[in-house]
Amino acid sequence: MKTIGVLTSGGDAPGMNAAVRAVVRTAIANGMTVKGVMRGYNGLIEGDIIDLNARSVSDIINRGGTMLYTARSPRFREEAGIIEGAEACKAAGIEGLVVIGGDGSFRGARDLSLHGIPCVGIPGTIDNDIACTDYTLGFDTAMNTAMEMVDKIRDTSQSHDRCSVVEVMGRHAGHLALQCGIAVGATAIMVPEVELSVEEVIARIKAIQKTGKRHFIVVVAEGVGGVEEIAKQIEAGTGVVTRATTLGHVQRGGNPTVRDRVRATQLGYAAVKLLQEGKGNRVVAIKNNTVVDYDIYEALNMKKDLDMEMYEIANTTSI
Ligand code: F6P
């Protein structure tokens, strides 16, 4: 394989730039030429492709977002879009493609592989909801950002003896909420994977009130939602003045943490090595602190559960 491409797709995540850098430099070190596909699969269909060299990816290891821009591409879910994408690869001389993104991006990589362009996926999403891997790029940075934001909310919440209900991202999964909830010592963590009613949260707050605690933090995953309504019910049920905050897209930005930069570099390196060996339709992943790879079909069929032991630890320690 002489020329490979790299693209980022889906929601951006801190660490994507570091992964692009690793892909470009590993490829160049192994005698390959690299093309950057702009704005995910949309850019591929449109032939929006640039040449990349070792210097094109200088000074990005420390930056959030993605220098290649990103998009979610409805056109690429259609057969016609995939064929156009495969043709665009051939026209640009791209013989293999590294796709950095989430499950949706991997489905695109699988379809493109079927149309003759070997692809390797790198898991990148702040949600950590990709089943084949213990870790997705951006998760650590997002957890830390969410934690810092809730720490700030805690200052005001504590000063006023209030309850703060904070929504964190995660799409349909509660991984981000759970980790953030533990890190901020939340009184209750509401995630889609666990049934916990507002009445139960109220009962929990009332029980803890009896021990002398006067301010509370409730972390709610985006997949549960409805923080304004939850806040109203908590205030009515406990008598504690309650405010709702949705952290939103602040969680997607910022300089990647050490963990995200290092994992991105390892995964970018591993992805290029696979393409170099002529392997496509693969996903690189982290399992038990080791870089592994899976067939994309296999990876997409895996299921990831919430860490219930962690949830139990959170409940036990937040009394
Ligand atoms: O997948 C990352 C993520 O930030 C989710 O946590 C969230 O549900 C979604 O993307 C938000 O997407 P958008 O940026 O399109 O609003």
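## Before you start

You're looking at a predicted model, in which local features need pLDDT of at least 70 and side-chain atom pairs count only at pLDDT 80 or more, while totals for chains, interfaces and linings use all residues. Residues are numbered from 1 along each chain as its sequence is written, and side-chain values use heavy atoms, with hydrogens and water left out.

## Two domains

The protein chain splits into domain 1 (3–138 + 256–300) and domain 2 (139–252); these bounds come from an automatic or database domain assignment. Taken over C-alpha atoms, the centres of the two domains are 34 Å apart.

How do they meet? Contact here means heavy atoms within 4.5 Å, and 17 residues of domain 1 are in contact with 14 residues of domain 2. Together the domains bury about 1,200 Å², with 49% of it on carbon and sulfur atoms. (Buried area is the accessible area, with a 1.4 Å probe, that two parts lose on being put together, summed over both.) Between domain 1 and domain 2 there are also two salt bridges and nine residue pairs in polar contact, both residues at pLDDT 80 or more. A polar contact is a pair of N or O atoms within 3.5 Å; within protein, one must be able to donate a hydrogen and the other to accept it, and residues adjacent in sequence count only if both atoms are side-chain atoms.

## The nonpolar cores

A nonpolar core is a set of buried Ala, Val, Leu, Ile, Met, Phe, Trp, Tyr and Cys residues joined through side-chain atoms within 4.5 Å. Buried means under 20% relative accessible area, exposed means over 50%, and partly exposed is in between (1.4 Å probe, protein chains only). The largest core has 39 residues, and I4, V6, V20, V98, I100, I122 and V284 touch the most other members. Among the elements that give it two or more residues are β1 (3–8), α1 (16–29), β4 (96–101) and α5 (139–159). Helices (H or I, at least four residues) and strands (E, at least two) are DSSP runs, numbered from the N terminus. This core draws at least three residues from each of domain 1 and domain 2.

A second, separate core has 26 residues, including V99, F106, A109 and L300. Now find L97 in strand β4: its relative accessible area is 0%, so L97 is buried. Not counting residues up to four places away in sequence, L97 touches several others, including G5, V6, L112 and L275.

## Salt bridges

A salt bridge is a side-chain nitrogen of Lys or Arg within 4 Å of a carboxyl oxygen of Asp or Glu, and this structure holds 11 of them. In one of these, R75 pairs with E46, with the closest N and O atoms 3.2 Å apart. R75 sits in the loop between β3 (49–52) and α3 (79–92) and E46 in helix α2 (residues 40–46), so the pair ties together parts 29 residues apart in sequence. R75 is partly exposed at 39%, while E46 is exposed at 54%.

Another salt bridge joins the side chains of R259 and D140 (3.8 Å, N to O). That pair links distant parts of the chain, with R259 in helix α9 and D140 in helix α5, 119 residues apart. R259 is partly exposed at 38%, whereas D140 is buried at 12%. You'll also find K303 and D305 joined at 3.0 Å, N to O; K303 is exposed at 69%, and D305 is exposed at 55%.

Which residues is S318 in contact with, leaving aside its neighbours within four places in sequence? They are A186, T187, R204 and I208. S318 lies in the segment after α11 (308–317) and is buried at 8% relative accessibility. S318 and T187 are 131 residues apart in sequence, but 5.3 Å apart in space, C-alpha to C-alpha. The S318 side chain makes a polar contact of 2.7 Å with the side chain of R204, and it reaches the backbone oxygen of A314 at 3.0 Å.

D161 lies between α5 and β6 (163–168) and is partly exposed at 33%. N289 lies between β10 and β11 (290–295) and is exposed at 62%.
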